[in-house]
Amino acid sequence: MTYNFDPDKWYDNELFLIQAKLKSDKITQGEYDQNVATLDKKHEEMWKRLDGTYQIGPDN
(Lines give C-alpha, C1' and ligand atoms only; values in the text may rest on other atoms or scores of the structure.)
Protein backbone atom coordinates (compact mmCIF):
# COMPACT_ATOMS: atom_id res chain seq x y z
CA MET A 1 0.00 0.00 0.00
CA THR A 2 1.28 3.45 -0.86
CA TYR A 3 0.78 6.22 1.65
CA ASN A 4 1.45 9.69 0.24
CA PHE A 5 0.17 11.82 3.10
CA ASP A 6 2.67 14.50 4.16
CA PRO A 7 2.04 15.70 7.73
CA ASP A 8 4.37 18.67 7.31
CA LYS A 9 2.55 19.88 4.19
CA TRP A 10 -0.77 19.42 5.99
CA TYR A 11 0.59 21.44 8.92
CA ASP A 12 1.79 24.24 6.64
CA ASN A 13 -1.62 24.44 4.94
CA GLU A 14 -3.51 24.49 8.24
CA LEU A 15 -1.16 27.10 9.73
CA PHE A 16 -1.61 29.28 6.64
CA LEU A 17 -5.39 29.20 7.15
CA ILE A 18 -5.08 30.12 10.82
CA GLN A 19 -2.71 32.98 9.97
CA ALA A 20 -5.10 34.23 7.28
CA LYS A 21 -7.94 34.31 9.82
CA LEU A 22 -5.79 36.37 12.19
CA LYS A 23 -4.76 38.81 9.46
CA SER A 24 -8.37 39.29 8.38
CA ASP A 25 -9.48 39.84 12.00
CA LYS A 26 -11.72 36.76 11.98
CA ILE A 27 -9.98 35.55 15.16
CA THR A 28 -8.18 37.27 18.01
CA GLN A 29 -4.53 36.81 18.93
CA GLY A 30 -5.62 34.62 21.84
CA GLU A 31 -7.69 32.42 19.54
CA TYR A 32 -4.77 32.28 17.13
CA ASP A 33 -2.42 31.12 19.88
CA GLN A 34 -4.93 28.51 21.01
CA ASN A 35 -5.48 27.26 17.44
CA VAL A 36 -1.74 26.99 16.80
CA ALA A 37 -1.23 25.07 20.06
CA THR A 38 -4.00 22.65 19.04
CA LEU A 39 -2.50 22.32 15.57
CA ASP A 40 0.95 21.62 17.01
CA LYS A 41 -0.50 18.89 19.22
CA LYS A 42 -2.37 17.28 16.29
CA HIS A 43 0.80 17.41 14.18
CA GLU A 44 2.85 15.74 16.90
CA GLU A 45 0.21 13.04 17.43
CA MET A 46 0.05 12.45 13.68
CA TRP A 47 3.79 11.87 13.48
CA LYS A 48 3.63 9.48 16.41
CA ARG A 49 1.01 7.41 14.56
CA LEU A 50 2.94 7.47 11.29
CA ASP A 51 6.39 6.88 12.72
CA GLY A 52 7.18 3.21 13.10
CA THR A 53 5.82 -0.01 11.81
CA TYR A 54 2.20 -0.74 11.10
CA GLN A 55 0.56 -2.65 13.94
CA ILE A 56 -2.81 -4.33 14.19
CA GLY A 57 -4.49 -4.12 17.57
CA PRO A 58 -5.31 -7.25 19.62
CA ASP A 59 -9.04 -7.01 18.74
CA ASN A 60 -8.40 -7.47 15.00
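Let us begin with His 43, which counts as buried, because its relative accessibility is 15% and the limit for a buried residue is under 20%. This residue sits in helix α2. Which residues does His 43 touch, leaving aside those up to four places away in sequence? They are Pro 7, Asp 8, Trp 10 and Tyr 11. Please keep in mind throughout that we are looking at a predicted model.

With that residue located, I turn to the chain as a whole. It contains 2 helices and 0 strands. Of its 60 residues, 17% are buried. The chain exposes about 5400 Å², and 50% of that area is supplied by carbon and sulfur atoms. Now consider the contacts between residues with a separation of 6 or more: 58% of these join residues 24 or more positions apart.

Helix α1 covers residues 7-23. Which residues of α1 are buried? They are Pro 7, Tyr 11, Leu 15 and Ile 18. These residues lie on the same side of α1, because they cover an arc of only 60 degrees around the axis. On the face turned away from that buried side, α1 carries the exposed residues Phe 16 and Lys 23. The buried residues of α1 pack against α2.

Helix α2 comprises residues 29-50. It has 22 residues, and the distance from its first C-alpha to its last is 31 Å, close to the 32 Å expected at 1.5 Å a residue. Its buried residues are Tyr 32, Val 36, Leu 39, His 43 and Met 46. Why do we place them on the same side of α2? The reason is that they cover an arc of only 85 degrees around the axis. The face turned away from the buried side carries Gln 34, Lys 41, Lys 48 and Arg 49, which are exposed. The buried residues of α2, in turn, pack against α1.

Are the two partners buried or exposed? Glu 44 is partly exposed, since its relative accessible area is 46%, whereas Lys 48, at 59%, is exposed.

Next, the end of α2. Leu 50 is found in this helix, and its relative accessibility of 31% means that it counts as partly exposed. Together with Phe 5 and Trp 47, Leu 50 makes a nonpolar surface patch of about 250 Å².

Finally, I would draw your attention to the loop between α1 and α2, where Asp 25 lies. Most residues other than glycine have a negative phi. Asp 25 also counts as exposed, because its relative accessibility is 67%.

To review the main points: the chain has 2 helices and 0 strands. The buried residues of α1 pack against α2, and those of α2 pack against α1. His 43, with which we began, is one of the buried residues of α2.

Methods:
Residues are numbered from 1 along each chain as its sequence is written. This is a predicted model: local features need pLDDT of at least 70, side-chain atom pairs count only at pLDDT 80 or more; totals for chains, interfaces and linings use all residues. Side-chain values use heavy atoms; hydrogens and water are left out. Helices (H or I, at least four residues) and strands (E, at least two) are DSSP runs, numbered from the N terminus. Buried means under 20% relative accessible area, exposed over 50%, partly exposed in between (1.4 Å probe, protein chains only). Contact means heavy atoms within 4.5 Å. Accessible areas come from the Shrake-Rupley method with a 1.4 Å probe; for residues, only the protein chains shown count as cover. Patches are made of residues with over 30% relative accessible area and no salt bridge: like charges are joined within 9 Å, nonpolar side chains (Val, Leu, Ile, Met, Phe, Trp, Tyr) within 5 Å. A salt bridge is a side-chain nitrogen of Lys or Arg within 4 Å of a carboxyl oxygen of Asp or Glu. The expected span of a helix is 1.5 Å times one less than its number of residues. The arc is that of the directions from the helix axis to the C-beta atoms.
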